[in-house]
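Biologist: Please take a close look at the sheet and at the helix packing beside it. Give the cut-offs as you go.

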Amino acid sequence: MSATLNTVVVAGAGTMGQGIAQLCATLGLQTLLYDVQEEGLNKARQGIAHNLQQNVAKGRLSEEDAAKIQQRIVYTHRLEDAVGDMLIEAIVEQAAPKQALFLAMEQQNGPQFIIASNTSSIPMEVLSQGLSRPERVVGLHFFNPATVMKLVEVISGPQTLPSVAQQAEDLAQRMNKIVVRAQDAPGFIVNRVARAYYAESHRWLNA
């Protein structure tokens with residue numbers, strides 16, 4: 001992995017954002033958890049602390065290590081604070097808010113900044129529209145709960161640089177995840193396949 005990846009911005013303090021932020025901080029990365037709602041950030045702080053203490057109670061983590069992980073996470077509702085080497089976005093599953101966030105983040109970060117989306121369904125070709133550097137957008141789809149589930153999908157858009165996709169894959173592998181490369185199609189692999197099962201279930205319920 002590139003030695004320049006030191007600080008990761010995680011956008012979205014919901015369940016997925018909390019888990020991803022904890023994973024990043026556990027690796028020793030400085031982690032900034034950004035959300036527009038301060039209440040959400042307070043809940044995230046409490047949730048991460050609770051999760052770490054559970055790991056301590058189960059003997060998976062020492063009190064000292066749990067404290068260090070918490071110290072690496074900074075919580076902010078100020079977009080201007082969201083500066084780092086990489087964004088992992090886990091906000092609402094709608095294209096427009098993600099595109100607006102990506103544009104703002106691109107403008108206030110350097111040319112080597114990586115924009116990774118945790119979207120479960122929206123293609124990178126759509127999310128990178130309007131950006132000056134669409135080649136630095138990549139999908140990094142974790143499954144819930146991110147701290148437990150092993151699978152991660154890495155999705156390259158039509159303009160994504162291979163080196164950017166590789167950095168995303170390297171990061172996930174450092175988190176002990178099983179990485180699969182997916183095509184830039186709606187739903188990618190898992191959710192695209194699962195739709196057939198959902199549709200069949202609905203068909204039987206409505207029969």
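Modeller: Two strands pair if DSSP finds at least two bridges between them. Strands (E, at least two residues) and helices (H or I, at least four) are DSSP runs, numbered from the N terminus. The model is predicted: local features need pLDDT of at least 70, side-chain atom pairs count only at pLDDT 80 or more, and totals for chains, interfaces and linings use all residues. Residues are numbered from 1 along each chain as its sequence is written, and side-chain values use heavy atoms, with hydrogens and water left out.

The sheet is open and mixed, with 8 strands in the order E3-E2-E1-E4-E5-E6-E7-E8. Its edges are E3 (73-76) and E8 (178-182), each of which pairs on one side only. On average, neighbouring strands are turned by 25° against each other, direction ignored. Within the sheet, E1 (residues 7-11) and E4 (residues 86-89) run parallel and are joined by 4 bridges; Val-8 has Met-86 of E4 as its bridge partner.

Helix H2 (residues 38-57) lies across E2 (30-34) and E3, at about 160° to E3. Axes are lines fitted to C-alpha atoms, for helices over the stretch in contact, and angles run from 0 to 180 degrees between N-to-C directions. The axes of H2 and H3 (residues 63-71) come within 9 Å and cross at roughly 160°. Contact means heavy atoms within 4.5 Å. Ala-49, Leu-52, Gln-53 and Val-56 of H2 meet Glu-63, Ala-66, Ile-69 and Gln-70 of H3.
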